[in-house]
Structures are given as structure tokens and as C-alpha cells.
Amino acid sequence: MNLNYLRVFIEIARRGSLLEASTSLSIPNSTVGRHLAELEKELGMSLVIRNTRHLSLTEDGKELFERASHLIDNISEIENDILYQNNGLTGKIKIAIPNEFSAQWLSECLARFASHNPGISIDCSTSMVSVDPIQKDVDVSIIYLRGKPDDSSLVMQNLMAIPSVIVGSPNLIKQHGMPKSVSEMAKAPCISTLHALRSNPWHFIDHDEKWYTQNINCRYRVDSSSMLISAAVEGVGFAIIPIPFCKDLIEQGALTKLELDMKPAPLQVAAVFPNRKISTRTRSLVDEIRKTLHLKINQNSPETHSLII
């Protein structure tokens with residue numbers, strides 16, 4: 001069996017399209033179709049069913065994909081490791097990062113990685129809207145979230161969990177009182193995110209480490225952490241903020257920490273991959289990002305309060 005043909009078939013099966021497979025593999029669409037036809041001829045069976053709008057695997061195609069995909073992944077990883085040992089990292093990495101987070105936390109990290117690895121080319125897209133790494137054809141998406149992910153099948157690597165607190169300004173507490181329980185938060189004015197995180201409900205962890213959600217009254221929603229913190233200081237509403245980013249404001253008396261019957265879920269920073277086929281170059285970049293995040297938090301520099309929500 002020709003492994004190059006098999007590699008093309010595996011990519012077609014993963015992408016669900018010959019065109020997307022050709023983009024991912026950086027080879028002409030005609031070559032993808034020809035390799036698929038050659039593999040079907042070599043095996044004497046039809047592997048995909050194609051029409052003008054849809055592509056699906058036959059039963060033989062499903063079985064071949066299930067049995068061969070891990071083999072191709074292992075071979076690709078071996079090839080990457082050998083190339084890395086001999087020539088350093090090579091190839092292209094497509095990465096998606098939230099724009100505020102990218103510009104202030106990772107701009108130097110990505111530039112340094114590119115400088116130290118001249119064989120790598122990087123395409124970096126930035127947006128506050130969550131990126132689907134499968135649909136957008138990226139190698140890795142850096143995301144942040146609270147609570148459990150909506151899709152449990154995601155191939156995700158947690159990079160950091162940052163403890164958070166719920167805070168409010170003294171004037172806000174004077175006007176609306178000091179909530180003592182999570183259930184009281186439902187009636188309190190709150191500040192939340194628009195696209196960067198799920199704005200509603202808020203996520204909490206009880207004393208038994210079980211997850212709990214609470215719908216809140218969200219009257220002000222922004223996708224900028226600096227705007228969120230400014231609004232909290234001005235008394236617009238209560239907000240969940242990572243501890244390192246509001247510690248000074250609490251000590252100065254500009255914000256007051258709420259002591260509820262449950263603790264807010266931490267801010268999770270994670271890397272999401274389209275599948276378990278993760279190249280050595282992508283793993284190396286994600287590892288560099290993880291190290292940078294931990295260094296930034298440990299330094300707790302004055303700029304950190306404006307970096308992520």
C-alpha cells in the first residue's frame with residue numbers, strides 16, 4: 001500500500017473535502033483526487049462517496065480510516081522528530097489567538113519563537129470570537145474559558161488555571177448590599193463578557209469540588225478586560241476577575257472581594273487542536289506559550305491586569 005496515497009485519504013476523511021485536504025496538505029486538488037483514485041484502485045474498493053455537495057466514507061473507507069489513521073499520525077510524528085533532530089523545526093503553523101490576549105501576552109513569545117526557528121512559517125489570526133480549529137483550518141487555537149467546555153470531544157491541552165474572585169466597588173455594595181451566596185448574584189447587577197467567554201451563566205465550584213452554574217443579571221458586557229475592570233471600579237456591577245489582575249485594586253480599597261458560599265471557577269487558558277495529529281513544531285510552540293504564561297503570572301507585572309478577562 002502506497003503510504004502517500006494513504007496519507008491523502010486520511011486527510012480527506014478528516015477534512016470531509018478533497019479541496020480542504022489539498023489546502024491542508026499544500027498539494028493541488030487534482031493530485032488529491034488522483035491519489036485517492038490510485039488508492040481505491042490499489043485496494044480494489046471504493047473508499048468515499050462523492051457528489052457535488054457532500055463527501056462521505058463508505059463502510060470500507062470507515063474501517064480503513066479507523067485502522068490506519070493512528071499509523072499515519074505515528075509516521076508523521078517520527079518524520080517530524082527526525083527532521084527536527086537533523087535540521088531544526090520546519091513547516092507552517094497556523095494559530096488563532098484572542099486579539100487582546102495575543103497582542104499583550106504573546107506577541108513577544110511568537111516573535112521569539114519565529115526568530116529562533118527560521119525554518120518555521122507562522123500564520124496567526126486574532127479575534128475575540130471563539131475559533132473552531134476544524135472549520136478554520138488552524139493547527140491550534142489558544143482559548144480561555146470558565147467551566148467545562150461545551151464539547152467534551154475537543155482535543156484540548158490545559159495550559160494554566162488562574163484562580164478568580166468576584167469583586168464590587170464600595171459604592172456598588174453600598175447601593176445594592178453585599179451578596180453572601182451564589183443565588184443572591186442572580187438579582188445583583190453584573191458585568192460580563194460578550195464573545196470572549198460565555199457571559200451567562202456564571203460557573204462556580206462548591207465545597208465538594210462540584211460544578212454549579214448560576215444565571216446572572218448582566219447589564220454591561222464587554223470583550224476588553226481593561227474595560228471590564230474599569231467598569232467594576234466605577235461601580236457598574238459585580239465582576240469575576242482573576243486574582244493576579246485585581247489584587248492591587250483590592251488592597252487599595254477600589255474593589256472589595258465577595259465571600260460567597262461557593263468559589264468562582266478559575267480562568268482556564270487552553271490549547272485546542274483539530275485532532276490528535278499534533279506536529280512536533282506545533283507542540284513546541286504550545287510549550288513555549290505555556291512557559292510564557294507561567295512566567296507572566298509569576299512576575300505579576302503591573303501590566304497583567306489588562307491582559308485577559
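**Exercise 1. Find where threonine 292 sits in this predicted model, and decide whether it is buried or exposed.**

Step 1: Locate the residue. Threonine 292 belongs to helix H9, which covers residues 280-299.

Step 2: Check its accessibility. The cut-off for buried is under 20% relative accessible area. Threonine 292 comes in at 8%, so it counts as buried.

Step 3: See what it touches. Skip the neighbours within four places in sequence, and threonine 292 is in contact with Trp105, Leu106, Cys109 and Arg112.

**Exercise 2. Work out which residues touch the most other members of the largest nonpolar core, then follow up on isoleucine 241.**

Step 1: Start with the core itself. The largest nonpolar core has 41 residues. Those touching the most other members are Ile95, Ile142, Leu159, Ile241, Ile289 and Leu293.

Step 2: Zoom in on isoleucine 241. With neighbours within four places in sequence left aside, its contacts are Arg146, Ser164, Val165, Val167, Leu228, Ile229, Ala232, Cys246 and Leu255.

Step 3: Look for a further core. Apart from the largest one there is another, made of 19 residues, with Ala13, Leu18, Leu39 and Leu55 among them.

**Exercise 3. Describe helix H1: its span, its cover and its two ends.**

Step 1: Take the span. H1 runs over residues 3-15, which is 13 residues. From first C-alpha to last it reaches 18 Å, close to the 18 Å expected at 1.5 Å a residue.

Step 2: Judge the cover. Eleven of the 13 residues are buried, leaving H1 mostly covered. The buried set includes Tyr5, Phe9 and Ile12, but also Arg7, Glu11, Arg14 and Arg15. Ala13 is buried too, and you've already met Ala13 in the core of 19 residues.

Step 3: Inspect the ends. At the start, a side-chain oxygen of asparagine 2 comes within 2.8 Å of the backbone nitrogen of asparagine 4. Just after the helix, glycine 16 has a positive phi of about 75°.

Technical notes. Residues are numbered from 1 along each chain as its sequence is written. This is a predicted model: local features need pLDDT of at least 70, side-chain atom pairs count only at pLDDT 80 or more; totals for chains, interfaces and linings use all residues. Side-chain values use heavy atoms; hydrogens and water are left out. Helices (H or I, at least four residues) and strands (E, at least two) are DSSP runs, numbered from the N terminus. The expected span of a helix is 1.5 Å times one less than its number of residues. Buried means under 20% relative accessible area, exposed over 50%, partly exposed in between (1.4 Å probe, protein chains only). A polar contact is a pair of N or O atoms within 3.5 Å; within protein, one must be able to donate a hydrogen and the other to accept it, and residues adjacent in sequence count only if both atoms are side-chain atoms. Contact means heavy atoms within 4.5 Å. A nonpolar core is a set of buried Ala, Val, Leu, Ile, Met, Phe, Trp, Tyr and Cys residues joined through side-chain atoms within 4.5 Å.
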